[in-house]
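Here is a colleague's note on how the chains of this assembly meet. Please read it with the structure open beside you.

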Number of protein chains: 4
Amino acid sequence: MIIVLRPDATKSDADALLDKIEAAGLKPLYMPGSERTVLGALGDERVLGTLHLENHPLVESVTPVLAPYKLVSREMRPHDTLVDLNGVTVGGEQFVVIAGPCAVESYEQTRTTAEAVKAAGARAMRGGAYKPRTSPYSFQGLGEEGLEILDRVAGEVGLPAVTEVVEVADVEQVEAHASAFQVGARNMQNFRLLKKLGQSRLPVILKRGMAAKVDDLLMAAEYILSEGNPNVILCERGIKTFETATRNTLDLNAIPYLKAKSHLPVVVDPSHGTGIREFVAPMAKAAVACGADGLLIEVHCDPSVALSDGQQSLYPEQFAQLMRELEPFVAAAGRTL
Amino acid sequence: MIIVLRPDATKSDADALLDKIEAAGLKPLYMPGSERTVLGALGDERVLGTLHLENHPLVESVTPVLAPYKLVSREMRPHDTLVDLNGVTVGGEQFVVIAGPCAVESYEQTRTTAEAVKAAGARAMRGGAYKPRTSPYSFQGLGEEGLEILDRVAGEVGLPAVTEVVEVADVEQVEAHASAFQVGARNMQNFRLLKKLGQSRLPVILKRGMAAKVDDLLMAAEYILSEGNPNVILCERGIKTFETATRNTLDLNAIPYLKAKSHLPVVVDPSHGTGIREFVAPMAKAAVACGADGLLIEVHCDPSVALSDGQQSLYPEQFAQLMRELEPFVAAAGRTL
Amino acid sequence: MIIVLRPDATKSDADALLDKIEAAGLKPLYMPGSERTVLGALGDERVLGTLHLENHPLVESVTPVLAPYKLVSREMRPHDTLVDLNGVTVGGEQFVVIAGPCAVESYEQTRTTAEAVKAAGARAMRGGAYKPRTSPYSFQGLGEEGLEILDRVAGEVGLPAVTEVVEVADVEQVEAHASAFQVGARNMQNFRLLKKLGQSRLPVILKRGMAAKVDDLLMAAEYILSEGNPNVILCERGIKTFETATRNTLDLNAIPYLKAKSHLPVVVDPSHGTGIREFVAPMAKAAVACGADGLLIEVHCDPSVALSDGQQSLYPEQFAQLMRELEPFVAAAGRTL
Amino acid sequence: MIIVLRPDATKSDADALLDKIEAAGLKPLYMPGSERTVLGALGDERVLGTLHLENHPLVESVTPVLAPYKLVSREMRPHDTLVDLNGVTVGGEQFVVIAGPCAVESYEQTRTTAEAVKAAGARAMRGGAYKPRTSPYSFQGLGEEGLEILDRVAGEVGLPAVTEVVEVADVEQVEAHASAFQVGARNMQNFRLLKKLGQSRLPVILKRGMAAKVDDLLMAAEYILSEGNPNVILCERGIKTFETATRNTLDLNAIPYLKAKSHLPVVVDPSHGTGIREFVAPMAKAAVACGADGLLIEVHCDPSVALSDGQQSLYPEQFAQLMRELEPFVAAAGRTL
């Protein structure tokens, strides 16, 4: 950690801070310059965090040398983590496409869609029972009934099912019905929920928040791993920027960054990332090309009557075409679909 | 609602959509142009929402005419809402300053700080027992013990206390100990929590999310009002932008916008909004000047040892000076401090 | 154009506005609703722009129905524009990689780099003589001497050369030495420069500004086309967002959007887009996959001593490897390298 | 400057870098840690910039200790700079309001508006002759004719006039007709223009770019000062964010930051900052309260027929009311209007 002092800090101010650093078991460094004095503190920066040097009125800035995350970092664990999604491995040689409706609306809709995505090559299905919606007047999901439909269809069709969990109180119920939890963008920093999911061993697909830096996403994953659950899949799904041509700005730069910094698998959600049906296919291909381990795609048996996110959901035939078009890109990336 | 059709939409496509609009009890309008056909649908746009016209493959765009919120809007209720914070009225002639530590760390620290802010003129106190922190290795708050300390100090010092609630399961406990709930930026779209708070009658200070448009904040407030709790205070606390000179970008433009669109009181948190101690005072004055109803200020009896947000917390003497400096600005705004 | 009136607008206010619309030769529409009156104006929206209806105190909002650009739009010209870069066609079946140093630093450096990128398969070279730099104390480019070096090397190596123009007064000089103008992100809305370039017939690579929406980029291109130069190549190079892990946020969503809305070719600059050497290759592949027509890549014969942008410049062997790795992705996209 | 090496850097890599640092006349520091080696370089960081240590493949990050600007910094010159705007001092005890139309449209419109703003208390007038417009089909300003009208009206009414310059070739002409140059947001990093203005002694009002950090604005001002012109006035006018309720996000946090870091005067443009007539007054008051030295306000004798920016221009009577309402805030800030 590098501590820059304000111009008016004296030698004795510096000494007092150096004593604090040493008392915390770290190696202190004193670097007087012509315009500023710089201090160093070498060692475990988490210990240093407890010193709160940034609070000091004579400290101008504190810059960490090491990343704030540990368990999720590739330095800690150089080899890729493989996450087992009820028989489907995410993070390995196979590129995994997870597809299905935004929301479970009925048994028929879920079953029809699930069959279509399986026939086209999806390895897992998705469908929300609890839907966070901007407006209280919008469809909020079927709740427990939705979970039961999802569970039944997953069994009948033979696909692992992923579904969103929005609340600590629902964790056990969701765990009983799904093969993986999904944590939505709005809950990426719902730390109580993350800790609870850390006590499960079911995989967690953790979506990046709309205002979250990629390092914030890694810190959120750190919450889950630090509670004991190593089965985390990171998901890029678009951030908020000034651009309004797309619903969000899918930030594919995050993929090589996350793969470089962390051993966790990374998937991409181009449906939410762009919010526009026509752009899902090109961005899905781009996700393959820049190193993603899989995709999360919204497909609906009839998007024109979907109760949520219809304008970004693919028609089943569009999804089938996307899967055919993805194939050579997946091969170019040295993987299989 | 204005529906623009794609160039390849035919007259019979338009007719089919107009029939849907009419069947939903709305007044349809047909406006053929040389390059695009435009449809209108006049009436309650919430009904229209259930038609999901934006999903249709031949619809290019759907633009609402009316705001998506109802209960929070000034059109619905032209007069300012006054929220009673255990005897202190927010939204009226008095400008209300709520001050205290980021986190309750101990009885001593809370008591000392509370006395200082009361002596300087604060009308209510703040202090977190449940702290959402980016890192799992940071101080997470004292939990229930913190609530009890806060409650005890509030009673001893004679100030209403505001504290953050992060989880549905904690709502009753927090309600038993505090005069108002605070919903943090990370939970602004924790809709389950909002609904639960809507069933209370205790005031809710609702902070704007870091990626939330002001209209999203109003929609979040709508969740609380639609469940029956009218006592909502909106809070601007900074958004995420490309600027890194400040921790967040305090968006004071939101104040006149929120006051124009809604009848709810609006307060400003310049401590989180800037993240830098020196900038709290100028931005607090600016908040007064652009029409805010109050402030939320972090003060700590000794920021240099604060367990969270020390670098943005004021020393007690700085807070006292801020209150003195605020006075002529509050008077210029035609209010009292 | 859809004009929503404020709630306090009367029937006679509406009539006055409808008269203005009709007098401008457009078809007026009157749509009274229960909460708002909506007016329509059908016809050429550019004519409508001169009415400045948005200025009227009783107008709440004005929403255009048509895109603000004409000449660059695919509706105007459905077929892809092919731009001839001194014998190299951009926008057709061949995927075009343009590579070279950020800045021309010397004849040796330029020649060595140009030979390396040509050997690896680049179809054109780049190199800046006029460098816009954030700091006045940074290297500002060699100016005219740089242009002459670039011109000489381009001839010797046999590659068309692209170089940045920053000022109207330099246009003729640059035109004499290069095969294409590059307009940098900071000059995307230097409208005087755009108009001047519109009077040339040399191709213009127009980079998206750091705060520019994709529609702003199309409007900037419209300036060039409206002056008579149809040879514009759009370039995505990253926008400013809150994310700091990368220098900019390369917005690949822009590629399918621009290809859908415009007939102009689109290239991607992953070097500026990410600012980090390691991420250039994955984002270059992603650009191919989502439909770009080419790439602009910074390569330096020895990045460790580059006078600008060294940290994002590829070593020649990295560039050669990138070209080999790109090949299967280009083939998957149905194109040749 | 603090240089963090990658984990795979060896002692001899570090030594080579330390030699480079020493050879450049700086004091090198070696700080080996358990996970990373950190190097320091103490001395003039501008010299260090020429070493381009960030380019090195074994360097993970380079963090400057000192600000990149010199001449504009308060450390260099602790006392406030006062800029003389043809008899009106900006940056001193008087709060200076500069008002007028977005564009000079005619002699009548300019004269009427100038008289109105002078009567209401404005100390200088504004009016654009060269208008950068997003669309080539919008009004582009009257050019030289506009400058002549502005000059004539300024003389008749007795107010210094400020006008935008967009191009090096126009600098002399503008200098002949105006009391100060204005550099618009789109030209903040038109470095050639900045250098040219640095050779004048006429004041320059430098507007912050829409994607510019406040430190970028200071670096742009450094260009002007480094060429010899000390008369720079910084102007905050809103940045691009995800928020669409206002045209831009006026970032008032920039005011205390700029006043702390620099000795230059700072003014605020709430007209462009919000883009909405109703929000100009509250944000103008907020600008006073947080420490601005003046305001730039768009006023038009009849905004409903303005050729540009009508929806954000005040009616003369609104401006007069704003000036009356500003007065107590200016007094609260310890200044005079």
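Predicted model: local features only at pLDDT ≥ 70, side-chain atom pairs only at ≥ 80, totals over all residues.

1. Start with chains C and A. Their contact takes 34 residues from chain C and 34 residues from chain A. On the chain C side, the elements that each supply at least two residues are the helices α7 (214-226), α8 (254-261), α10 (277-289) and α11 (316-332). Of these, α10(C) gives the most, with eight residues.

2. What kinds of residue make up the side of chain C that touches chain A? It divides into 21 nonpolar, seven polar and six charged residues.

3. Now chains D and A. Here 21 residues of chain D are in contact with 21 residues of chain A. The elements of chain D that give two or more residues to this side are the strands β1 (2-5), β2 (27-32) and β3 (37-42). The most comes from β3(D), which gives three residues. By type, the chain D side divides into ten nonpolar, seven polar and four charged residues.

4. How is chain D related to chain A? Chain D can be laid on chain A by a turn of 180° and a shift of 0.0 Å along the axis, and the RMSD is 0.0 Å. The two copies are therefore related as by a two-fold rotation axis. In chain D, the C-alpha nearest this axis is that of D:Phe242, at 2.0 Å. The same surface serves both copies, since 100% of the contact residues of chain D recur in chain A.

5. Last, look within chain A at two of its strands. Strand β2 (residues 27-32) and strand β3 (residues 37-42) of chain A run antiparallel and are joined by six bridges. A hairpin of four residues leads from β2(A) to β3(A). One bridge to find on the screen pairs A:Pro32 with A:Thr37 in β3(A).

Methods
Residues numbered from 1 in each chain as written. Chains lettered and ligands numbered in written order. Contact = placed C-beta atoms within 7 Å. Nonpolar A, V, L, I, M, F, W, Y, C, P; charged D, E, K, R; others polar. Least-squares fit on C-alpha atoms with pLDDT ≥ 70 in both. Pairing = 2+ DSSP bridges.
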